[in-house]
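Please look over the fold below. The report that follows takes it piece by piece.

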Amino acid sequence: MADREEVERLKDLALQMRKDVLRLARNAGGPVHVGGDFSLSEIMTVLFQHFLRIDAGKPEWPDRDRFILSKGHGAGTLYFSLARKGYFDIEDVFGTYGKLGTDFGMHPCKAHAPGVETSTGSLGHGLAVAVGMALGGRLDGGTHRVVTVLGDGEMNEGSVWEAVMAAPQFKLGNLVAIVDKNELSLDGHLDDVMKINPLDEKFAAFGWNVIELDGHDVAALIDALDNLPPVAADRPTAIVAKTVKGKGIDFMEDKIAWHAGILDDEMYEACLKQLDEKREAERNDAWLVH
Ligand SMILES: Cc1ncc(C[n+]2csc(CCOP(=O)(O)OP(=O)(O)O)c2C)c(N)n1
(Lines give C-alpha, C1' and ligand atoms only; values in the text may rest on other atoms or scores of the structure.)
Protein backbone atom coordinates (compact mmCIF):
# COMPACT_ATOMS: atom_id res chain seq x y z
CA MET A 1 0.00 0.00 0.00
CA ALA A 2 1.17 3.53 -0.79
CA ASP A 3 3.05 5.27 2.00
CA ARG A 4 0.84 7.96 3.57
CA GLU A 5 3.56 10.62 3.76
CA GLU A 6 4.44 10.04 0.12
CA VAL A 7 0.77 10.36 -0.84
CA GLU A 8 0.48 13.69 0.98
CA ARG A 9 3.76 14.94 -0.53
CA LEU A 10 2.51 14.14 -4.02
CA LYS A 11 -0.91 15.69 -3.36
CA ASP A 12 0.85 18.92 -2.42
CA LEU A 13 2.89 18.74 -5.62
CA ALA A 14 -0.27 18.16 -7.69
CA LEU A 15 -1.76 21.24 -6.04
CA GLN A 16 1.42 23.15 -6.93
CA MET A 17 1.13 21.95 -10.52
CA ARG A 18 -2.43 23.33 -10.77
CA LYS A 19 -1.21 26.63 -9.33
CA ASP A 20 1.59 26.70 -11.90
CA VAL A 21 -0.95 26.10 -14.69
CA LEU A 22 -3.08 28.97 -13.36
CA ARG A 23 -0.05 31.27 -13.22
CA LEU A 24 0.76 30.34 -16.81
CA ALA A 25 -2.81 31.09 -17.88
CA ARG A 26 -2.91 34.44 -16.03
CA ASN A 27 -2.93 37.12 -18.69
CA ALA A 28 -1.08 34.63 -20.93
CA GLY A 29 0.04 35.55 -24.45
CA GLY A 30 -1.89 32.56 -25.78
CA PRO A 31 -4.49 30.12 -24.45
CA VAL A 32 -3.38 27.51 -21.92
CA HIS A 33 -5.07 24.10 -21.91
CA VAL A 34 -6.25 24.44 -18.34
CA GLY A 35 -9.02 21.81 -18.49
CA GLY A 36 -6.83 19.02 -19.82
CA ASP A 37 -3.90 20.08 -17.61
CA PHE A 38 -6.07 19.76 -14.54
CA SER A 39 -7.30 16.30 -15.51
CA LEU A 40 -3.62 15.30 -15.83
CA SER A 41 -2.24 16.88 -12.66
CA GLU A 42 -2.12 13.81 -10.41
CA ILE A 43 -1.05 11.47 -13.24
CA MET A 44 1.88 13.66 -14.25
CA THR A 45 2.88 14.37 -10.66
CA VAL A 46 2.99 10.71 -9.66
CA LEU A 47 4.83 9.79 -12.86
CA PHE A 48 7.55 12.42 -12.63
CA GLN A 49 7.91 12.97 -8.90
CA HIS A 50 7.54 9.33 -7.85
CA PHE A 51 7.82 6.77 -10.63
CA LEU A 52 9.88 7.54 -13.73
CA ARG A 53 13.57 6.60 -13.64
CA ILE A 54 15.01 9.79 -15.12
CA ASP A 55 17.92 12.04 -14.19
CA ALA A 56 18.35 15.63 -15.41
CA GLY A 57 22.11 15.23 -14.90
CA LYS A 58 22.18 12.33 -17.39
CA PRO A 59 19.64 13.26 -20.08
CA GLU A 60 21.07 10.73 -22.56
CA TRP A 61 21.37 7.85 -20.06
CA PRO A 62 20.47 4.81 -22.21
CA ASP A 63 18.53 3.11 -19.43
CA ARG A 64 16.38 6.12 -18.52
CA ASP A 65 12.63 5.57 -18.73
CA ARG A 66 11.16 7.24 -21.81
CA PHE A 67 8.07 9.40 -21.47
CA ILE A 68 5.88 10.69 -24.29
CA LEU A 69 3.02 13.11 -23.70
CA SER A 70 0.95 11.96 -26.64
CA LYS A 71 -1.73 14.46 -25.61
CA GLY A 72 0.73 17.24 -26.44
CA HIS A 73 -1.63 20.10 -25.61
CA GLY A 74 -1.03 19.18 -21.94
CA ALA A 75 2.44 20.69 -22.43
CA GLY A 76 2.23 22.86 -19.31
CA THR A 77 2.11 19.79 -17.07
CA LEU A 78 5.15 18.35 -18.85
CA TYR A 79 7.17 21.57 -18.57
CA PHE A 80 6.39 21.91 -14.87
CA SER A 81 7.20 18.25 -14.25
CA LEU A 82 10.57 18.50 -16.02
CA ALA A 83 11.43 21.84 -14.40
CA ARG A 84 10.75 20.38 -10.96
CA LYS A 85 13.09 17.48 -11.81
CA GLY A 86 15.84 20.01 -12.63
CA TYR A 87 15.85 19.99 -16.45
CA PHE A 88 15.48 23.78 -16.69
CA ASP A 89 14.42 26.84 -14.73
CA ILE A 90 10.65 27.01 -14.26
CA GLU A 91 10.78 30.81 -14.59
CA ASP A 92 11.87 30.38 -18.22
CA VAL A 93 8.50 28.71 -18.87
CA PHE A 94 6.52 31.51 -17.22
CA GLY A 95 8.66 34.17 -18.86
CA THR A 96 8.49 32.93 -22.44
CA TYR A 97 5.37 30.76 -22.91
CA GLY A 98 3.33 31.92 -25.88
CA LYS A 99 6.05 34.31 -27.09
CA LEU A 100 7.76 34.13 -30.45
CA GLY A 101 10.91 31.98 -30.32
CA THR A 102 10.10 30.36 -26.96
CA ASP A 103 11.46 26.93 -26.10
CA PHE A 104 8.17 26.28 -24.31
CA GLY A 105 5.39 26.44 -26.84
CA MET A 106 1.78 25.39 -26.60
CA HIS A 107 2.97 21.90 -27.61
CA PRO A 108 6.24 20.29 -26.49
CA CYS A 109 9.14 20.32 -28.93
CA LYS A 110 12.05 17.89 -28.52
CA ALA A 111 14.46 20.26 -30.30
CA HIS A 112 13.77 23.04 -27.79
CA ALA A 113 12.65 21.84 -24.36
CA PRO A 114 15.25 19.74 -22.47
CA GLY A 115 13.91 16.37 -21.35
CA VAL A 116 11.18 16.17 -23.98
CA GLU A 117 11.69 12.81 -25.71
CA THR A 118 9.31 13.33 -28.65
CA SER A 119 7.57 16.37 -30.10
CA THR A 120 3.80 16.04 -29.87
CA GLY A 121 0.67 18.09 -30.43
CA SER A 122 -0.65 16.51 -33.56
CA LEU A 123 -2.77 13.91 -31.81
CA GLY A 124 -2.67 10.20 -32.49
CA HIS A 125 1.07 9.57 -32.84
CA GLY A 126 2.53 9.20 -29.35
CA LEU A 127 1.52 5.59 -28.77
CA ALA A 128 2.96 4.47 -32.12
CA VAL A 129 6.25 6.22 -31.31
CA ALA A 130 6.20 4.62 -27.86
CA VAL A 131 5.70 1.18 -29.45
CA GLY A 132 8.79 1.81 -31.59
CA MET A 133 10.82 2.96 -28.59
CA ALA A 134 9.70 -0.04 -26.54
CA LEU A 135 10.58 -2.42 -29.35
CA GLY A 136 13.98 -0.72 -29.66
CA GLY A 137 14.46 -1.10 -25.92
CA ARG A 138 13.69 -4.81 -26.21
CA LEU A 139 16.14 -5.33 -29.07
CA ASP A 140 18.86 -3.48 -27.14
CA GLY A 141 18.23 -5.52 -23.97
CA GLY A 142 17.22 -2.34 -22.07
CA THR A 143 15.75 -2.50 -18.58
CA HIS A 144 13.78 0.74 -18.88
CA ARG A 145 10.09 1.37 -19.47
CA VAL A 146 8.37 3.48 -22.08
CA VAL A 147 5.38 5.38 -20.72
CA THR A 148 2.93 7.45 -22.71
CA VAL A 149 -0.13 9.48 -21.73
CA LEU A 150 -3.00 9.80 -24.18
CA GLY A 151 -6.23 11.74 -24.14
CA ASP A 152 -9.44 9.79 -24.61
CA GLY A 153 -10.52 12.19 -27.38
CA GLU A 154 -7.17 11.49 -28.99
CA MET A 155 -8.21 7.86 -29.20
CA ASN A 156 -10.61 8.83 -31.98
CA GLU A 157 -7.52 8.78 -34.23
CA GLY A 158 -7.24 5.50 -36.16
CA SER A 159 -3.44 5.46 -35.84
CA VAL A 160 -3.83 4.94 -32.09
CA TRP A 161 -5.61 1.66 -32.72
CA GLU A 162 -2.89 0.39 -35.04
CA ALA A 163 -0.46 0.92 -32.17
CA VAL A 164 -2.88 -0.70 -29.69
CA MET A 165 -2.89 -3.72 -32.01
CA ALA A 166 0.90 -3.78 -32.51
CA ALA A 167 2.07 -3.57 -28.89
CA PRO A 168 0.83 -7.03 -27.76
CA GLN A 169 2.00 -8.51 -31.07
CA PHE A 170 5.56 -7.47 -30.14
CA LYS A 171 5.04 -8.59 -26.52
CA LEU A 172 5.95 -5.13 -25.19
CA GLY A 173 5.72 -5.62 -21.43
CA ASN A 174 8.04 -2.61 -21.12
CA LEU A 175 5.28 -0.32 -22.46
CA VAL A 176 2.68 1.51 -20.36
CA ALA A 177 -0.11 3.58 -21.91
CA ILE A 178 -2.10 5.79 -19.56
CA VAL A 179 -5.38 7.19 -20.87
CA ASP A 180 -6.62 10.43 -19.32
CA LYS A 181 -10.27 9.44 -19.59
CA ASN A 182 -12.15 12.67 -18.91
CA GLU A 183 -14.90 11.88 -21.49
CA LEU A 184 -14.49 15.26 -23.23
CA SER A 185 -12.76 16.25 -26.46
CA LEU A 186 -12.12 19.78 -27.74
CA ASP A 187 -15.70 20.59 -28.64
CA GLY A 188 -17.97 17.99 -27.16
CA HIS A 189 -18.65 14.85 -25.14
CA LEU A 190 -17.00 11.75 -26.55
CA ASP A 191 -20.31 9.92 -26.68
CA ASP A 192 -21.44 12.59 -29.17
CA VAL A 193 -18.17 13.11 -31.06
CA MET A 194 -17.05 9.47 -31.46
CA LYS A 195 -17.75 6.79 -28.84
CA ILE A 196 -14.71 4.95 -27.52
CA ASN A 197 -16.17 3.11 -24.53
CA PRO A 198 -15.81 0.51 -23.15
CA LEU A 199 -12.13 1.33 -23.34
CA ASP A 200 -11.01 -1.23 -20.76
CA GLU A 201 -12.68 -4.07 -22.68
CA LYS A 202 -11.21 -2.86 -25.95
CA PHE A 203 -7.64 -2.80 -24.61
CA ALA A 204 -8.19 -6.25 -23.06
CA ALA A 205 -9.55 -7.62 -26.33
CA PHE A 206 -6.36 -6.50 -28.07
CA GLY A 207 -4.31 -8.41 -25.48
CA TRP A 208 -3.26 -5.68 -23.04
CA ASN A 209 -2.98 -5.98 -19.28
CA VAL A 210 -5.61 -3.44 -18.13
CA ILE A 211 -5.84 -1.44 -14.91
CA GLU A 212 -8.77 0.88 -14.25
CA LEU A 213 -8.46 3.56 -11.60
CA ASP A 214 -9.43 7.06 -10.53
CA GLY A 215 -6.84 9.31 -12.17
CA HIS A 216 -7.06 11.84 -9.33
CA ASP A 217 -6.40 9.19 -6.65
CA VAL A 218 -2.70 9.59 -5.87
CA ALA A 219 -2.55 6.42 -3.75
CA ALA A 220 -4.17 4.34 -6.51
CA LEU A 221 -1.74 5.70 -9.10
CA ILE A 222 1.24 4.89 -6.87
CA ASP A 223 -0.05 1.36 -6.23
CA ALA A 224 -0.65 0.71 -9.92
CA LEU A 225 2.73 2.01 -11.07
CA ASP A 226 4.77 0.45 -8.25
CA ASN A 227 3.16 -2.93 -8.93
CA LEU A 228 3.36 -3.09 -12.70
CA PRO A 229 4.27 -6.44 -14.21
CA PRO A 230 8.04 -6.74 -14.73
CA VAL A 231 9.64 -5.00 -17.72
CA ALA A 232 10.30 -8.46 -19.16
CA ALA A 233 6.57 -9.37 -19.12
CA ASP A 234 5.01 -10.18 -22.48
CA ARG A 235 1.95 -7.90 -22.36
CA PRO A 236 1.84 -4.09 -22.42
CA THR A 237 -0.15 -2.37 -19.68
CA ALA A 238 -2.97 0.12 -20.23
CA ILE A 239 -3.98 2.26 -17.27
CA VAL A 240 -7.44 3.63 -17.93
CA ALA A 241 -7.59 6.61 -15.59
CA LYS A 242 -11.02 8.11 -15.00
CA THR A 243 -10.61 11.85 -14.64
CA VAL A 244 -12.53 15.12 -14.70
CA LYS A 245 -11.55 17.84 -17.14
CA GLY A 246 -10.89 21.04 -15.19
CA LYS A 247 -10.65 19.05 -11.94
CA GLY A 248 -10.33 21.26 -8.87
CA ILE A 249 -12.18 24.40 -9.97
CA ASP A 250 -15.97 24.20 -9.77
CA PHE A 251 -16.72 26.41 -12.76
CA MET A 252 -14.23 24.56 -14.96
CA GLU A 253 -15.07 20.95 -14.13
CA ASP A 254 -16.50 18.98 -17.05
CA LYS A 255 -16.87 22.14 -19.18
CA ILE A 256 -15.66 22.19 -22.78
CA ALA A 257 -15.40 25.99 -22.50
CA TRP A 258 -12.32 25.37 -20.33
CA HIS A 259 -10.53 23.16 -22.82
CA ALA A 260 -8.22 26.17 -23.15
CA GLY A 261 -8.35 29.68 -21.80
CA ILE A 262 -6.77 32.75 -20.27
CA LEU A 263 -7.47 34.03 -16.75
CA ASP A 264 -7.81 37.62 -15.65
CA ASP A 265 -6.43 38.65 -12.23
CA GLU A 266 -9.76 38.27 -10.46
CA MET A 267 -10.38 34.75 -11.78
CA TYR A 268 -6.80 33.80 -11.01
CA GLU A 269 -7.09 34.83 -7.35
CA ALA A 270 -10.49 33.11 -7.00
CA CYS A 271 -9.10 29.87 -8.42
CA LEU A 272 -6.08 29.88 -6.10
CA LYS A 273 -8.38 30.41 -3.12
CA GLN A 274 -10.63 27.53 -4.16
CA LEU A 275 -7.70 25.14 -4.66
CA ASP A 276 -6.21 26.01 -1.27
CA GLU A 277 -9.55 25.61 0.50
CA LYS A 278 -10.14 22.19 -1.07
CA ARG A 279 -6.67 20.94 -0.17
CA GLU A 280 -7.06 22.20 3.39
CA ALA A 281 -10.39 20.37 3.75
CA GLU A 282 -8.76 17.22 2.37
CA ARG A 283 -5.89 17.50 4.84
CA ASN A 284 -8.36 17.80 7.70
CA ASP A 285 -10.28 14.74 6.47
CA ALA A 286 -7.04 12.74 6.21
CA TRP A 287 -6.14 13.76 9.75
CA LEU A 288 -9.55 12.62 11.04
CA VAL A 289 -9.37 9.25 9.29
CA HIS A 290 -5.90 8.38 10.63
C1 LIG B 1 -4.48 15.40 -35.32
C2 LIG B 1 -5.15 16.45 -34.49
N3 LIG B 1 -6.45 16.73 -34.69
C4 LIG B 1 -7.06 17.68 -33.95
C5 LIG B 1 -6.36 18.39 -33.00
C6 LIG B 1 -7.05 19.48 -32.23
N7 LIG B 1 -7.27 19.13 -30.84
C8 LIG B 1 -6.49 19.61 -29.86
S9 LIG B 1 -6.91 19.08 -28.35
C10 LIG B 1 -8.19 18.18 -28.96
C11 LIG B 1 -9.09 17.38 -28.04
C12 LIG B 1 -8.55 16.05 -27.75
O13 LIG B 1 -9.27 15.45 -26.71
P14 LIG B 1 -8.52 14.70 -25.56
O15 LIG B 1 -7.43 13.91 -26.15
O16 LIG B 1 -9.53 13.95 -24.76
O17 LIG B 1 -7.88 15.86 -24.73
P18 LIG B 1 -8.45 16.51 -23.37
O19 LIG B 1 -9.93 16.59 -23.50
O20 LIG B 1 -8.06 15.59 -22.26
O21 LIG B 1 -7.78 17.84 -23.28
C22 LIG B 1 -8.27 18.30 -30.35
C23 LIG B 1 -9.28 17.64 -31.19
C24 LIG B 1 -5.00 18.07 -32.84
N25 LIG B 1 -4.24 18.69 -31.92
N26 LIG B 1 -4.41 17.09 -33.56
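Is Leu-263 buried or exposed? Leu-263 is buried, because its relative accessible area is 1%. Buried means under 20% relative accessible area, exposed means over 50%, and partly exposed lies in between (1.4 Å probe, protein chains only).

The model is predicted, so local features need pLDDT of at least 70 and side-chain atom pairs count only at pLDDT 80 or more, while totals for chains, interfaces and linings use all residues. Residues are numbered from 1 along each chain as its sequence is written, and side-chain values use heavy atoms, with hydrogens and water left out.

**Around Leu-263**

Leu-263 sits in the loop between E5 and H10. Helices (H or I, at least four residues) and strands (E, at least two) are DSSP runs, numbered from the N terminus. Leaving aside neighbours within four places in sequence, Leu-263 is in contact with Leu-22, Ala-25, Arg-26, Asn-27, Met-252, Trp-258 and Tyr-268. Contact means heavy atoms within 4.5 Å. Ser-70 is 193 residues from Leu-263 in sequence and 26 Å from it in space, C-alpha to C-alpha.

The loop between strand E5 (237–242) and helix H10 (265–289) also holds Asp-254. Asp-254 counts as partly exposed because its relative accessibility is 47%.

**Helix H1 and its partner**

Helix H1 (residues 4–25) has 22 residues. From first C-alpha to last, H1 reaches 32 Å, close to the 32 Å expected at 1.5 Å a residue. The expected span is 1.5 Å times one less than the number of residues.

Two packed helices are described by the angle between their axes and the distance between the axes. H1 packs with helix H9 (residues 218–226) at an angle of about 115 degrees, and their axes are 9 Å apart. Axes are lines fitted to C-alpha atoms, for helices over the stretch in contact, and angles run from 0 to 180 degrees between N-to-C directions. From H1, the contact uses Glu-6, Val-7, Leu-10 and Lys-11; from H9, it uses Val-218, Ala-219 and Ile-222. By class, that contact of H1 with H9 has five nonpolar, no polar and two charged residues. Here Ala, Val, Leu, Ile, Met, Phe, Trp, Tyr, Cys and Pro count as nonpolar, Asp, Glu, Lys and Arg as charged, and the others, Gly among them, as polar.

**Helix H3**

Helix H3 (residues 75–84) is mostly covered, with nine of its ten residues buried. Among the buried residues of H3 are Leu-78, Tyr-79, Phe-80 and Leu-82. The buried residues of H3 pack against H1, H2, strand E1 (66–69) and helix H4 (90–96).

**Two nonpolar cores**

A nonpolar core is a set of buried Ala, Val, Leu, Ile, Met, Phe, Trp, Tyr and Cys residues joined through side-chain atoms within 4.5 Å. The largest has 60 residues, and those with the most contacts inside it are Leu-47, Phe-48, Phe-67 and Ile-178. Helix H2 (residues 34–51) gives the largest share of this core, nine residues. Another core lies apart from it, with 24 residues that include Val-131, Val-146, Ile-196 and Trp-208.

Which residues does Ile-178 contact, leaving aside its neighbours within four places in sequence? They are Ile-43, Leu-47, Val-147, Thr-148, Val-149, Leu-150, Ile-239 and Ala-241.

Ala-134 belongs to helix H5 (residues 126–139). Ala-134 is buried because its relative accessible area is 0%. Beyond neighbours within four places in sequence, Ala-134 is in contact with Val-146, Leu-172, Asn-174 and Leu-175.

**Backbone details**

| Residue | Phi |
|---|---|
| Asn-27 | about 50 degrees |
| Glu-183 | about 70 degrees |
| Asp-254 | about 65 degrees |
| Gly-86 | near 95 degrees |

Glu-183 is in the loop between E3 and H7.

His-189 lies in the loop between strand E3 (175–181) and helix H7 (190–193). His-189 is partly exposed, because its relative accessible area is 30%. Leaving aside neighbours within four places in sequence, His-189 is in contact with Glu-183 and Leu-184.

A cis peptide bond joins Asn-197 and Pro-198, with omega about 0 degrees. Pro-198 is in the loop between H7 and helix H8 (199–205).
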